[in-house]
Amino acid sequence: METPEQAAPEEAFASHVYQLILEDIVAGRLAPGQRLRERELSEQHRVSRIPVREALHRLEQDGFIVTAPRRGAVVRQLTLTDVEELFDLRVILESFAARRAAERVAAGADGGRLSELLKLAKEATAAGDDELASDLNTEFHAEIVNVAGHRLLARSLRPLQGLTRWIFGLGVSRPVELNTIEHDELREAILAGRTQLAESLAASHVELGRQPVLDGLAGRLPE
């Protein structure tokens with residue numbers, strides 16, 4: 001029987017391979033419909049096929065790949081329905097995260113890296129580095145979840161954050177400047193412990209991004 005000590009390295013390798021494959025999908029280096037062969041991936045990432053198999057299983061669970069008959073694991077094709085459903089869940093979960101974060105700050109918790117990340121995002125925007133600013137804005141959303149201190153929420157949002165990056169990586173998102181302005185308002189509400197305002201601003205922020213993304217992907221993704 002495998003001991004916890006023996007299992008830990010395999011789990012760590014699987015998590016590492018999961019992240020590497022996910023980054024390739026999000027960046028477009030692995031295209032929809034592309035096959036993911038265990039042997040090739042194990043050679044590429046210099047691990048055995050066991051962590052690769054586990055990583056592929058997690059990626060399928062999280063909605064990034066599918067198992068097709070006679071083809072094995074392939075990168076799945078995003079649809080407009082996927083985008084709609086993603087925004088539906090983000091509105092609910094991210095507004096709850098913002099409210100919870102504000103509640104914890106009001107009770108004495110600190111605001112984590114919210115101010116730092118927003119400052120860096122503003123600097124990146126001013127320097128014209130929209131890619132870095134976008135990455136920092138994504139980190140800002142993740143940091144709200146960290147401040148919320150809700151483990152199940154964090155686990156639930158993790159794959160959604162990956163899907164969000166994948167969709168925005170297709171080149172359809174709102175101007176970085178608008179996101180930064182709205183993040184500033186949201187940060188202030190959380191740090192002031194204003195729970196209802198934080199919840200409302202988070203929901204509004206996600207909703208305002210929905211239609212521009214759907215419009216930008218219309219005709220590019222199937223229904």
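This is a predicted model: local features need pLDDT of at least 70, side-chain atom pairs count only at pLDDT 80 or more; totals for chains, interfaces and linings use all residues.
Q: Which residues does Glu139 touch, not counting residues up to four places away in sequence?
A: Glu139 touches Arg113 and Leu117, where contact means heavy atoms within 4.5 Å. Residues are numbered from 1 along each chain as its sequence is written, and side-chain values use heavy atoms, with hydrogens and water left out.

Q: What makes Glu139 partly exposed?
A: Buried means under 20% relative accessible area, exposed means over 50%, and partly exposed is in between (1.4 Å probe, protein chains only). Glu139 has a relative accessible area of 36%, so Glu139 is partly exposed. Its place is in helix α6, residues 130-148.

Q: How do you know how many helices and strands there are in the protein chain?
A: Helices (H or I, at least four residues) and strands (E, at least two) are DSSP runs, numbered from the N terminus. By that rule the protein chain has 9 helices and 2 strands. Read along the sequence, they come in the pattern α-α-α-β-β-α-α-α-α-α-α.

Q: Why is Arg90 called buried?
A: Arg90 has a relative accessible area of 6%, so the label for Arg90 is buried. Arg90 lies in helix α4. Leaving aside neighbours within four places in sequence, Arg90 is in contact with Ser95, His141, Thr164, Phe168 and Val206.

Q: Which other residues lie in helix α4?
A: Leu93 is one of them, and Thr81 is another. Leu93 touches Leu153, Leu157 and Leu160, not counting residues up to four places away in sequence. The C-alpha atoms of Leu93 and Leu56 are 26 Å apart, with the two residues 37 positions apart along the chain.

Q: Why is Thr81 called partly exposed?
A: Thr81 has a relative accessible area of 37%, so Thr81 is partly exposed. The C-alpha atoms of Thr81 and Leu221 are separated by 9.4 Å, and these residues are 140 apart along the chain.

Q: Why does Gly111 count as buried?
A: The relative accessibility of Gly111 is 15%, so Gly111 counts as buried. You will find Gly111 in the loop between α4 (80-106) and α5 (114-126). Apart from neighbours within four places in sequence, Gly111 is in contact with Val105, Val147 and Leu191. Its C-alpha atom is 9.3 Å from that of Asn146, 35 residues away along the chain.

Q: What makes Arg46 exposed, and where is Arg46 found?
A: Arg46 has 78% relative accessibility, so Arg46 counts as exposed. Arg46 is found in the loop between α2 (38-45) and α3 (49-61).

Q: What is the phi of Arg46?
A: Arg46 has a positive phi of about 55°, although it is not a glycine. Most residues other than glycine have a negative phi.

Q: How do you know whether the radius of gyration of the protein chain agrees or disagrees with that of a compact globule?
A: The radius of gyration is taken over C-alpha atoms, and the globule rule is 2.2 Å times the number of residues to the power 0.38. With 223 residues, a compact globule would be near 17 Å; the protein chain has 19 Å, which agrees. The C-alpha atoms fill a box of roughly 50 × 50 × 30 Å along the principal axes. Of the 223 residues, 43% count as buried.

Q: What share of the contacts in the protein chain with a separation of 6 or more comes from residues 24 or more positions apart?
A: Those residues account for 76% of such contacts.

Q: Which residues does the annotation "domain: HTH gntR-type" cover?
A: In the UniProt record, an unreviewed entry, this annotation covers residues 11-78. UniProt positions are given in the numbering used here, feature names are shortened, and annotations may be inferred rather than shown by experiment. In the model, the span 11-78 is 54% helix and 12% strand, with its end C-alpha atoms 28 Å apart.
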